[in-house]
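Colleague: I have not looked at this structure before. Please take me through it, one question at a time.

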Amino acid sequence: MYLSNGLIKGMLGLYNIKVQLNAFLKEIGELTYFTVRFFREVFKRPFEFKELLRQCYNMGNRSLFLVGITGFIIGLVLTLQTRPTLLEFGAVSWMPSMVGISIVREIGPIITALVCAGRIGSGIGAELGSMRVTEQIEAMEVSGTNPFKYLVVTRVLAVTLMLPLLVIVGDAIALLGSYLVENVKGNVSFMLYLNQVFNALEFGDIIPATIKTFFFGLAIGLVGCFKGYYCKNGTAGVGIAANSAVVFSSLLLFIIDFIAVFVTDIFYDL
Amino acid sequence: MMADHNISNNNIVLEVKNLYKRFGDNRVLNGFNLKLYQGENLVVMGKSGSGKSVMIKCLVGLMEADSGSISVMHHDITKLNQQALDVLRADIGFLFQGSALYDSMTVRENLEFPLRRHSRKNKAKLDTETQVVAALESVGLAHAIDLMPAELSGGMKRRVALARTLILQPKIILYDEPTSGLDPITAKEIIILMQDVQKKYKTSSLIITHDVDCARVISDRILLLIDGVDYAVGTYKALSTSEDPKIKAFFKQ
């Protein structure tokens, strides 16, 4: 039977889509199993407190500078970019409220999480990946240690606990950046700025935003560990693990953010 | 050398029967058998990709065999639960091909790591620090205790890995290519060290290598792994003078 080139190309294209979709679904399945295993192991003894604290220090303290700088610049830029529009409508006095709400509700958590996905997620992926290809994970297993418990559970918990704290610090520094612009351009005092920010904020802004950062942390930790723990193909695989940890967790962050906003919106309507 | 009277079924510390393992269509182990006797140095030789590393990983439960039995000190590890396997692993030392030292830990922490898990076994014994120093002294590296793995040479890494293996005083030590990637002088030092360790700790050793010199010096018996089966077993002298072309190919280097 004669098949035109176009038809063959189309069929090949469909086949490629099917293969990629299968691979994606398989990965989702494996990640789900990995997540279930995490929740099963997290409550089992022994609890690796020392390693957990070490990871919290590594991830929290060492990400602080990056999160701070990013937050500061976001605060500055957001205020500088929004100010002319608000001036045009004579609503510049709303600036602290607007910046406060947008940073606390959305921009602070998502930007901090993305920065952490890049810094922490890729770090975990590369570290565990290199441990896998140099047989360090096997060596741990042979010594009678559960490597999943020691390496994965501690790291996932550390990111989950540290990310909300980093978001709070990032938000505070972003508001400081915004205040500096307001002070220079509009001669607003620090107390007045702070009062306006907190008058505009409600628990309904802070609580959901904080809760979702735990899920952001969980996603970054799980994806980073998953990619690193099952790293294959030697040193080239380590690079792939680090890279795909960032890409996959960033994508997940937006999906979680969408779900969080959607759920919050439903509660607002009630 | 191992005394002949040790070769009796009562002295078997590790026994593999009919081990099968395949990856897709590739049959790596195809009914492999092995017996390791108390105090013996058994060298397993085979071509690259012949399944030596797969076999040794099956022995400690790092890889699951498709079928067959693996008895370590009369415990079938294919039937043990994770907890029992972890306890048994304290009696099996494993020296990895690339040393597998934990990069983020100092030499001291590397050696302390197995002790945390097996404290019960060592409860009445010396304190951790003394054990770490003693293990490092036995490989001649007590001065390197606070160095990071990245600061060690290849030979030093292999020695530290051996010290980490020895710290739990295992009854069996599995060596995966202990001299690969080392220069001839360092390789010889490692072989001498392995002999010293065997004399001092009275261990039984299973050594995977394709280094004929290493096999000649250290082996009590040699097992040739060819086409996934235990093709031939015997002393170095017996195998190196064999007329079988497949066996000859190993020793004509």
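Colleague: How many residues does the contact take from chain B, and how many from chain A?
Modeller: This is a predicted model, in which local features need pLDDT of at least 70 and side-chain atom pairs count only at pLDDT 80 or more, while totals for chains, interfaces and linings use all residues. Residues are numbered from 1 along each chain as its sequence is written, and chains are lettered from A and ligands numbered from 1 in the order in which they are written. Two residues are in contact if their C-beta atoms, placed from the backbone, lie within 7 Å. The contact takes 14 residues from chain B and 10 residues from chain A.

Colleague: Which element gives the most to the side of chain B that touches chain A?
Modeller: Helices (H or I, at least four residues) and strands (E, at least two) are DSSP runs, numbered from the N terminus. Helix H2 (82-89) and helix H3 (107-117) of chain B each supply at least two residues of that side. The most, three residues, comes from H3(B).

Colleague: How do the residues of the side of chain B that touches chain A divide into nonpolar, polar and charged?
Modeller: Ala, Val, Leu, Ile, Met, Phe, Trp, Tyr, Cys and Pro count as nonpolar, Asp, Glu, Lys and Arg as charged, and the others, Gly among them, as polar. On that basis the side of chain B that touches chain A has nine nonpolar, two polar and three charged residues.

Colleague: What is the radius of gyration of chain B?
Modeller: The radius is taken over C-alpha atoms, and the globule rule is 2.2 Å times the number of residues to the power 0.38. For 253 residues, a compact globule would have a radius of gyration near 18 Å. Chain B agrees with this, at 18 Å.

Colleague: What is the order of the six strands in the open sheet of chain B?
Modeller: Two strands pair if DSSP finds at least two bridges between them. In this sheet the pairing is mixed. E6 and strand E10 (229-234) of chain B each have a single partner strand, so they stand at the edges. The order is E6-E7-E8-E3-E9-E10.

Colleague: How many bridges join E7(B) to strand E8 of chain B?
Modeller: On one pairing, E7(B) runs parallel to strand E6 (residues 92-95) of chain B over four bridges, with B:Phe94 opposite B:Leu174. E7(B) also runs parallel to E8(B) (residues 204-208), and here B:Ile172 stands opposite B:Ser204. The number of bridges between E7(B) and E8(B) is five.

Colleague: Which helix does the chain cross through from E7(B) to E8(B)?
Modeller: A crossover is right-handed if, with the strands pointing away from the viewer, the path from the first strand over the helix to the second runs clockwise. The β-α-β crossover from E7(B) to E8(B) is right-handed. The helix is H7 (residues 184-201) of chain B.

Colleague: Where does B:Ala100 lie?
Modeller: B:Ala100 has a positive phi of about 55° although it is not a glycine. With 24 other C-beta atoms within 10 Å, B:Ala100 is buried. Its place is the loop between E6 and H3 of chain B.

Colleague: How many helices and strands does chain A have?
Modeller: From the N terminus on, its elements run α-α-α-α-α-α-α-α. The count for chain A is eight helices and zero strands.

Colleague: Which residues of chain A does a cis peptide bond join?
Modeller: The bond has an omega of about -5°. A:Pro46 is in the loop between helix H1 (5-42) and helix H2 (49-88) of chain A. The joined residues are A:Arg45 and A:Pro46.

Note on methods:
Buried ≥ 20, exposed ≤ 12 C-beta atoms within 10 Å, placed from the backbone.
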